[in-house]
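Welcome! Keep the structure open beside the text and follow along.

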Amino acid sequence: MDPRPGLRGLLREGRPGGRPRHRLPLPPEGHPLRPPDIVTKLLAQAVAGRGTPDLVGFEIGSFPRMLRGDIAERLLHDFTPDIEAVPGLKDDLLPARTAPFSRDGHVYAFDSDTPMVVYFYREDLFDEHGLLQGDQTWEEFAEAGARVYRDHKASMCVVSTVGSDPGQVVQSFQMLLYQRGGAFFDADGNLRLDSPEAEEVLRFLCEGLRSGFVVDISDYYGAAMQTALKQGRVIGLPMAIWYKNYGLLPNVPEQKGKWRVRALPRFAAGGGVTAALGGTGFGVVKDKANTRAATEFLFRTWLTHDGQVRRFLETGYLPTRRSVYEDPRLGAYEDEFCGGQRLFGLYRSLLPDVPAFHQSPDQSILYDVLAGNLLRAYRGSLTPRQALKQTAADFRDQAGR
């Protein structure tokens, strides 16, 4: 591939003519690749003109590097004509899950999941602490949660405060922001963070930390979270559906049958009852001998009805095609960890509320500055309003726009 300046610029993590940004060193010999390293190696091989893979998995937070300049257009196969060539596929694919891997109406990767955010809770402890399991608002949840913390030192919501991982810090806020109807960026990549919805959500979390309804945990997966779950100090939390397999099962397998899943409580002022968090998009490098074969592989496995059913049954990843949610095999599926719940009725009901997640080439800058200001707001050194205004100012200064 012709190593033109756009590819070199992205490898340096800067725009042509712009300031350098967030240089990512390659991992040491023998070190497992992290998601950003996969993109770094892909771009390095593209600049070298050799050694690029046929098929690439982009963790959602790493894909924005492909959106700088015309990198995606020049390096990745555009699936849009292939989608349109399959009768009914365009209308069946969930727009909320093509949006993170699209630019200017062109789709460059297919998501592996529709990672809806739900509320996980310990049914036995909710009953023991006298908590209702109906359709309360978040505000009612928070009021009950303050009482539960006062009486039992148990919390019903979690935020991550691990300073070395901006992504986890941001995710705690991101889930509720998108549920409330806010966003980080619009479809054109313009910053939308400084909004009334964002201020409302951040204030809600800050007040929850003070009341004990929300507890701060270093991260969602490590020893501190495991201890809090085992001791009944965390009895519920909003998280993506994949957290059952990657957070709860590894940490508290002995609690099998005690956990349940429900829609998120709704905010009194509006918004939906879910959001989406995470995802991995699979793309194909263009202009290679196997480009067509790799594309056919995705269409004949990843995107088929049966392929999407099998993916859920074997990995827990939700379908990205609307029609697959009606499959009777999924409707009959009983989740043993969640007490035998048949969850696909819930997932079908949440589909209309799954928001699109639009990305920006400068997303990593936002995560860095937002994480720090969220922590300052949680600690009380900034008000929610100050934290959001400071984040917007810091982002524009570093992104140059």
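Glutamine 363 lies in helix H17. Is glutamine 363 buried or exposed? In this predicted model, glutamine 363 has a relative accessible area of 2%, and because the cut-off for buried is under 20%, glutamine 363 counts as buried. Setting aside neighbours within four places in sequence, glutamine 363 is in contact with Pro64, Phe185, Phe357 and His358.

From here we can look at the interior of the model. In soluble globular proteins, nonpolar side chains tend to be buried together. The largest nonpolar core here has 115 residues, and Met66, Phe173, Phe184, Leu193, Leu205 and Tyr378 are those with the most contacts inside it. Which helix gives the most to this core? That is helix H17, residues 363-379, with ten residues. Apart from this core lies another one, made of eleven residues, including Phe79, Leu93, Leu298 and Leu303.

Next come the helix pairs. Two packed helices are described by the angle between their axes and the distance between the axes.

| Helix pair | Axes come within | Crossing angle |
|---|---|---|
| H17 (residues 363-379) and H18 (residues 384-399) | 9 Å | roughly 155° |
| H10 (residues 196-211) and H17 | 9 Å | roughly 45° |
| H11 (residues 223-230) and H12 (residues 243-251) | 9 Å | roughly 70° |

Begin with H17 and H18, whose axes cross at roughly 155°. That angle makes H17 roughly antiparallel to H18, and the crossing is right-handed. On the H17 side the contact is made by Ile365, Leu366, Val369, Leu370, Asn373 and Ala377. H18 brings Ala387, Gln390, Thr391, Asp394, Phe395, Gln398 and Ala399 to this contact. By class, the contact of H17 with H18 has eight nonpolar, four polar and one charged residues. As you trace the helices, keep in mind that an α-helix has 3.6 residues a turn, so residues three or four places apart point the same way.

Met225, Gln226, Leu229 and Lys230 in H11 meet Tyr243, Leu248, Pro250 and Asn251 in H12. This contact divides into five nonpolar, two polar and one charged residues.

Now let us turn to H14 and what follows it. The buried residues of H14 are Gly307, Gln308, Val309, Arg311 and Phe312. They pack against strand S4 (110-111), helix H13 (291-302), H15 and helix H16 (344-350). Glycine 316, with a positive phi near 85°, follows H14.

Arginine 321 is found in the loop between H14 (305-315) and H15 (328-331). Arginine 321 is buried, with a relative accessible area of 16%. Neighbours within four places in sequence aside, arginine 321 is in contact with Leu89, Asp92, Leu93, Leu303, Thr304, His305 and Gln308. Of these, Leu93 and Leu303 belong to the core of eleven residues.

Aspartate 104, in the loop between strand S2 (102-103) and strand S3 (106-107), has a positive phi near 50° although it is not a glycine. Aspartate 104 is exposed, at 69% relative accessible area. Lysine 153, in the loop between helix H8 (138-152) and strand S6 (157-160), is likewise not a glycine and has a positive phi of about 55°. With 46% relative accessibility, lysine 153 counts as partly exposed.

Conventions:
Residues are numbered from 1 along each chain as its sequence is written. This is a predicted model: local features need pLDDT of at least 70, side-chain atom pairs count only at pLDDT 80 or more; totals for chains, interfaces and linings use all residues. Side-chain values use heavy atoms; hydrogens and water are left out. A nonpolar core is a set of buried Ala, Val, Leu, Ile, Met, Phe, Trp, Tyr and Cys residues joined through side-chain atoms within 4.5 Å. Buried means under 20% relative accessible area, exposed over 50%, partly exposed in between (1.4 Å probe, protein chains only). Helices (H or I, at least four residues) and strands (E, at least two) are DSSP runs, numbered from the N terminus. Axes are lines fitted to C-alpha atoms, for helices over the stretch in contact, and angles run from 0 to 180 degrees between N-to-C directions. Angles under 35 degrees count as roughly parallel, over 145 as roughly antiparallel, 65 to 115 as roughly perpendicular and the rest as oblique. A crossing is left-handed if the near helix is turned anticlockwise from the far one by less than a right angle, and right-handed if clockwise. Contact means heavy atoms within 4.5 Å. Ala, Val, Leu, Ile, Met, Phe, Trp, Tyr, Cys and Pro count as nonpolar, Asp, Glu, Lys and Arg as charged, and the others, Gly among them, as polar.
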